[in-house]
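User: I'm new to this one. Can you walk me through it?

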Amino acid sequence: MLITGHTGFKGAWLTVLLHELGHTVSGLSLDPEPGALYEIAALKELVQQDHRVDIRDAARTADAIASAAPDAVVHLAAQPLVRRSYREPRFTYETNVMGTYNVLEASASVASVRAVVVATTDKVYRNVNRVAGYREDEALGGDDPYSSSKAMADLLTQSWAKSFPGAPIGIVRAGNVIGGGDVSADRLFVDLIEGFRRGTAVDIRYPDAVRPWQHVLDCLNGYVYVLRSLHDGAPSDAWNIGPDERSFITVREIADTMASQWSASAAWNDRSDAEHPYEAGLLALDASKAVNELGWSDLLAYPESLEWTVEWAKSVDRGLDARSVTTDQVRAFLSREIEARGA
């Protein structure tokens with residue numbers, strides 16, 4: 001198995017999850033951000049081949065995937081931040097669009113690859129701020145550079161799967177994932193936890209925005225379900241991997257709940273009156289296809305997802321080993337999977 005973006009937040013958790021499931025994992029990514037989970041949990045020790053490659057470099061990407069000779073590729077590498085996409089649009093498009101092309105082309109040239117999963121985002125849909133979740137067959141769009149670049153990557157992947165028959169490709173679209181160890185800029189949970197640690201009030205741009213919050217392990221478990229279906233002979237297809245409406249919570253409620261779980265002094269500031277780049281006020285997915293056809297669903301409801309995220313941060317702050325804390329949560333999740341699915 002090869003993960004692109006394995007040093008990122010999702011990639012690090014997926015590395016541990018696949019390792020616990022008994023897979024041999026290789027990775028292709030940029031260097032991790034300072035303090036990233038991959039780094040503080042020494043996850044390089046779990047990786048067979050650790051290639052530090054920019055996916056915009058087609059030749060090095062192809063060499064790395066050929067060297068790893070994986071049976072499957074999970075493509076997570078991306079420029080994932082909306083605000084950064086306004087500052088660095090060229091880098092965003094080159095990484096998310098041509099980088100995806102390079103990974104698809106390289107994967108197609110390696111005979112051992114039997115399945116490819118490409119992660120895009122819930123933001124690929126043409127968003128009209130409706131309450132009902134978007135289904136896989138609805139129109140794609142994207143107003144900001146990040147969203148449009150991921151919609152382009154999604155369309156590119158669909159076209160590739162139809163134009164160049166080979167290993168089946170699953171497109172997975174997910175939204176706002178939470179969990180321990182994220183250090184990316186401009187993310188709500190990262191900003192809240194860092195502010196709470198410093199004892200400073202956190203500025204929040206859109207407190208009344210509604211998002212479907214999902215624990216990273218539920219999201220990645222959905223990716224694994226898609227991967228298994230491809231290995232079992234399912235054709236190329238797109239899948240929404242998102243929580244149900246019980247996890248559609250305002251940013252305001254998230255911030256209040258996290259502050260109360262953290263400490264009596266934790267606080268945040270409403271900065272909705274300031275000028276900010278455009279972000280959608282409501283974005284939801286309809287994941288009934290994955291539920292009905294794959295048998296997948298979230299195992300952690302919103303309150304528990306929040307508790308696991310806060311507990312991870314507090315445990316590491318207390319001096320517990322980051323890999324042990326992460327592995328313990330993965331094992332607890334897999335035990336719940338066995339109990340829930342009879343797997």
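Here is a short chat on the sheet, one of its strands and some helices.

Analyst: First, the ground rules. This is a predicted model, where local features need pLDDT of at least 70, side-chain atom pairs count only at pLDDT 80 or more, and totals for chains, interfaces and linings use all residues. Residues are numbered from 1 along each chain as its sequence is written, and side-chain values use heavy atoms, with hydrogens and water left out.

User: Fine. What order do the strands of the open sheet have?

Analyst: The order is β3-β2-β1-β4-β5-β6-β10. That is 7 strands with parallel pairing. Strands are DSSP runs of E, at least two residues, and helices are runs of H or I, at least four, numbered from the N terminus. Two strands pair if DSSP finds at least two bridges between them.

User: Which are the edge strands?

Analyst: β3 (47-52) and β10 (237-240). Each pairs on one side only.

User: How many bridges join β1 to β4?

Analyst: 3 bridges, with the strands running parallel. Ile3 has Val74 as its bridge partner in β4.

User: Now β5. Is strand β5 mostly covered or uncovered?

Analyst: Mostly covered: 5 of its 5 residues, 115-119, are buried. Buried means under 20% relative accessible area, with a 1.4 Å probe and protein chains only.

User: Which way do those residues point?

Analyst: Ala115, Val117 and Ala119 point one way from β5. Val116 and Val118 point the other way.

User: What does β5 pair with?

Analyst: β4 (residues 72-75), parallel, over 4 bridges. Ala72 has Ala115 as its partner there. β5 also pairs with β6 (residues 169-173), again parallel and over 4 bridges. Ala119 has Val172 as its partner in β6.

User: Switching to helices. At what angle do the axes of α1 and α8 cross?

Analyst: Roughly 65 degrees, and the axes come within 10 Å. So α1 is roughly perpendicular to α8, a label for angles of 65 to 115 degrees. Axes are lines fitted to C-alpha atoms, for helices over the stretch in contact, and angles run from 0 to 180 degrees between N-to-C directions.

User: Which residues meet there?

Analyst: From α1, they include Trp13 and Leu17. From α8, they include Leu220 and Tyr223. Contact means heavy atoms within 4.5 Å.

User: Last one. Which residues of α7 are buried?

Analyst: Leu188, Phe189, Val190, Leu192, Ile193, Gly195 and Phe196. Their cover includes β9 (210-215) and α11 (302-317). Just after α7, Gly199 takes a positive phi of about 80 degrees.

Notes: Buried means under 20% relative accessible area, exposed over 50%, partly exposed in between (1.4 Å probe, protein chains only). Angles under 35 degrees count as roughly parallel, over 145 as roughly antiparallel, 65 to 115 as roughly perpendicular and the rest as oblique.
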